[in-house]
Amino acid sequence: MAERELLRFLTAGSVDDGKSTLIGRLLHDTRSIFEDQFASVRAASAAAGNNGYIDFALVTDGLRAEREQGITIDVAYRYFSTPRRKFIIADAPGHQQYTRNMATAASTASAAVLLIDARKGVLPQTRRHAAIAWLLGIRNFAVAVNKMDLVGFDERVFRKIEQDFLAFLAALDGAGAYFIPTCSIDGDNVVERSTRIPWFDGATLLEYLETVPVASHARFDRLRFPVQYVIRSQPRRYAGQLASGVLRPGDQVRVLPSGRTTTVAAVRIGEREVDAAFPPLSAAIELADDLDIGRGDIIASANDSPAVSRRFTATLLWLNDQPLETGKPYLLKHTTRQVCASVTRVSAVLNPSTLAREQTDQLSLNEFGEVEIETHQPLYFDPYAENRATGGFIVIDPLRNHTLAVGMIASPAAPAEQAPGAGAGLTVWFTGLSSAGKSTISKAVHEKLWAMGHKVEWLDGDIVRQHLNKGLGFSKEDRDENVRRIGFVAELLTRNGVITLVSAISPYRAIRGEIRARIGSFLEVYVHAPLEVCEQRDLKGIYRRARAGEMRGVTGIDDPYEPPLSPDVECRTDRETPAESVKRVLDAIQGWLTRRNP
Amino acid sequence: MFETSHLDALEAESIFIMREVAAEFARPAMLYSIGKDSSVLLRLAQKAFAPAPLPFPLIHIDTTYKFREMIEFRDRTCAALGVRLIAHTNRAAIENGANPFDLGVSKCCSLLKTRALLDALKEHRVEAAIGGARREEERSRAKERIFSLRDSFGQWDPRHQRPEFWNLFNPRIDSGETMRVFPLSNWTELDIWRYIERENIPVVPLYFAKERDVLVRNGQLIPVEHNPPLAPGEAPQRILCRMRTLGCTYCTGAIRSSADTVPKIIAELEQAVRSERENRIIDHDRDGSMELKKREGYF
């Protein structure tokens with residue numbers, strides 16, 4: 001049998017619009033309720049004295065509290081199929097108190113069925129549901145104007161509601177709606193065409209669901225493969241689910257945050273090697289080079305990487321009783337990364353009925369607003385409108401573990417930070433122990449590049465500490481700050497087309513990785529000589545003073561040096577001459593420039 | 001181009017969920033009940049972590065009232081795949097005489113399954129337990145999140161579930177709390193059998209029709225393996241039947257069927273008018289009984 005398409009859709013509406021009844025009808029009239037389940041619903045309806053009517057809501061309201069109160073509290077997922085399609089219904093609660101559950105249902109749906117009680121018309125909650133669904137990316141709406149029997153099947157009532165809703169929908173860019181008059185308790189226009197509504201000859205709800213485009217949110221053009229799990233095999237396999245793009249053996253890819261490029265050696269689904277993997281498949285890949293890659297990294301197209309930034313703007317739907325607090329430490333989960341973050345500014349709250357922006361600095365339960373967020377480590381993202389999987393995130397309370405909010409990234413915060421590979425310049429970062437030879441080599445490289453006519457700048461750690469970073473000490477925090485400031489200057493220069501040489505001990509791997517991710521166009525040079533050799537050279541006398549106990553926090557003696565795991569160039573200055581080292585660095589720069597401008 | 005079949009999409013989602021558990025929790029485990037869903041779960045786990053061994057053990061809650069063929073299948077499967085199995089039984093309750101015939105199925109289930117499960121999770125300090133439950137099976141399961149939090153007593157609070165967006169699961173728990181994770185949430189019974197067919201996954205032979213000795217009670221076919229007490233004049237009959245779900249012998253009714261191959265089972269299910277768990281006696285002892293058991297910590 002040929003595989004059928006799958007449509008995931010959401011049903012939403014206000015309390016008592018008859019939503020659960022409509023779903024019960026849909027399931028019953030497509031023969032998707034089993035006889036024994038139907039018998040128990042019929043028995044419960046009779047026990048409740050429902051005048052011979054069958055209470056179809058009893059099929060979907062799965063919790064005792066829901067049946068006791070006659071309301072839907074949480075999303076229920078239902079499964080049915082017709083010869084044309086398979087369907088997953090996410091039946092969302094109508095009560096405003098349970099908006100977070102409604103949003104949960106919307107996040108995985110590609111169409112929405114909104115119910116409106118013909119007697120009540122378009123309610124604030126109807127607009128709120130439509131707005132949330134739209135913010136989460138749903139563009140196809142079916143509007144069931146229900147309980148038509150209670151308004152005498154009057155076409156004017158139907159047309160008025162249609163007009164009202166269309167007026168609101170105009171604010172939702174790209175959204176389209178299809179209107180159906182229904183009476184779900186009797187099944188009119190749900191699956192079977194109504195004989196009581198002769199003025200309506202459009203498709204029934206089921207016909208609509210069988211033909212509405214299955215909006216695919218996945219794109220196949222830009223590769224985004226968030227690394228979810230590293231399988232320790234030989235060679236290592238990087239596992240994850242394709243967010244977008246296609247992975248094929250032989251593809252050139254860029255790994256973030258390291259910014260390194262490499263080649264895909266093999267693509268697998270389980271044990272099986274495949275020619276290509278694409279969304280929504282879960283794959284495992286092998287790479288040609290042995291790089292340091294972990295969970296939370298992202299493998300992207302070599303020439304079209306995501307934005308890299310610690311600051312961005314987003315739309316946030318707040319889901320917790322405790323309002324948002326700017327500046328408060330939160331956790332943010334984005335793709336397979338979890339980072340510390342805070343909201344730096346609430347710029348507007350969106351009116352749920354009009355989506356108009358209203359000035360505010362507050363965000364409370366069930367409100368959505370535009371905010372600016374700052375994270376402690378950079379995120380690699382695309383705008384949510386372009387890529388659901390790399391543009392969505394959740395906010396978690398680090399103390400109580402609640403999911404506080406769901407967010408959709410709009411764009412990197414101004415000033416725009418360029419993606420790796422986009423800048424015209426290059427940063428060449430020399431790291432290594434004191435007296436390993438960083439300044440000697442970088443100075444010589446600087447002279448050569450200058451002589452060749454390149455725009456080139458040299459930032460030496462010792463010199464920078466005398467002005468820009470004057471006053472910083474040698475604690476872990478101060479060392480990181482020192483490197484971060486140098487990185488910032490390097491980033492500005494690189495963005496403006498300068499080849500920037502940095503020579504700094506920069507002992508910590510994490511901060512080097514962070515800078516590399518920010519700049520993107522980056523070569524790491526490990527200037528490497530064993531500690532004994534450096535100590536023998538001791539150009540500045542610091543090892544002697546450290547050994548004599550006159551100086552503390554000296555890298556290699558009583559403060560750690562974390563060597564690069566996969567440097568672009570490694571200069572063994574104890575085994576090669578400075579001229580040999582300089583040549584190898586220049587070759588790497590030349591190679592990089594050639595790849596950039598072939 | 002780039003089309004994904006329904007089964008491929010379900011497989012990808014399940015594999016993602018399992019990898020998420022392995023990445024986020026220090027001590028995960030997989031609850032293995034030996035049934036068809038567990039068999040699919042096991043195959044998906046192998047695919048998720050290949051070629052490495054599974055990064056978690058299997059836990060089987062053995063009530064001692066399981067079918068002999070189930071235990072044989074379990075031991076054969078674990079040996080063949082080289083997976084670590086923890087079989088846990090509530091010995092104290094059994095020594096105190098717990099059995100479904102004297103205690104009633106509800107109390108028996110509470111002691112030999114729910115209590116045993118909670119004890120096993122505690123003993124092995126399991127933080128996240130992967131289970132094979134599907135939302136389609138039962139209406140309270142239809143409400144459950146994929147990552148479902150349990151408090152320090154193993155209880156589910158269905159009124160205060162964490163919202164869950166896309167595939168961004170919130171894995172955070174406090175000490176004592178556990179996470180139950182359901183990679184098969186969106187699979188239907190038919191999906192399971194179609195996948196078993198496609199992937200050629202071995203299942204317990206009890207799923208295939210054969211003439212078996214059963215007691216006929218209120219239309220239910222009760223297996224006689226653990227010698228349930230007979231009513232006066234009652235005697236086992238030989239009936240062509242198969243199991244649609246597997247649990248304890250006394251609580252799992254067979255269905256009349258001649259489907260003795262996977263394709264025949266699929267054909268039978270495509271025409272089915274009765275629900276999958278109709279023959280599970282424990283689900284129906286009172287209204288909302290599955291929800292009540294789940295609140296206590298049952299799967």
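The side of chain A that touches chain B is made up of 38 nonpolar, 24 polar and 21 charged residues, with Ala, Val, Leu, Ile, Met, Phe, Trp, Tyr, Cys and Pro taken as nonpolar, Asp, Glu, Lys and Arg as charged, and the others, Gly among them, as polar. This is a predicted model, in which local features need pLDDT of at least 70 and side-chain atom pairs count only at pLDDT 80 or more, while totals for chains, interfaces and linings use all residues. Residues are numbered from 1 along each chain as its sequence is written, chains are lettered from A in the order in which they are written, and side-chain values use heavy atoms, with hydrogens and water left out.

The contact (heavy atoms within 4.5 Å) draws 83 residues from chain A and 65 residues from chain B. Seven salt bridges are found across this interface, a salt bridge being a side-chain nitrogen of Lys or Arg within 4 Å of a carboxyl oxygen of Asp or Glu. A:Lys333 forms a salt bridge with B:Glu24, their closest N and O atoms lying 3.4 Å apart.

Turning to chain B, six strands make an open sheet of mixed pairing in the order S3-S2-S1-S4-S6-S5, where strands (E, at least two residues) and helices (H or I, at least four) are DSSP runs numbered from the N terminus, and two strands pair if DSSP finds at least two bridges between them. Strands S3 (85-88) and S5 (147-150) of chain B stand at the edges with a single partner strand each, so one side of each is left without a neighbour in the sheet. Strands S1 (residues 28-31) and S2 (residues 58-61) of chain B pair in the parallel sense over two bridges, and B:Met30 stands opposite B:Leu58 in S2(B).

Chain A also holds an open sheet of six strands with mixed pairing, in the order S2-S3-S1-S4-S5-S6. Its edges are strands S2 (76-81) and S6 (176-181) of chain A, each with a single partner strand, so one side of each is left without a neighbour in the sheet. Strand S4 (residues 111-117) of chain A runs parallel to strand S5 (residues 140-146) of chain A, joined by six bridges, and A:Asp117 stands opposite A:Asn146 in S5(A).
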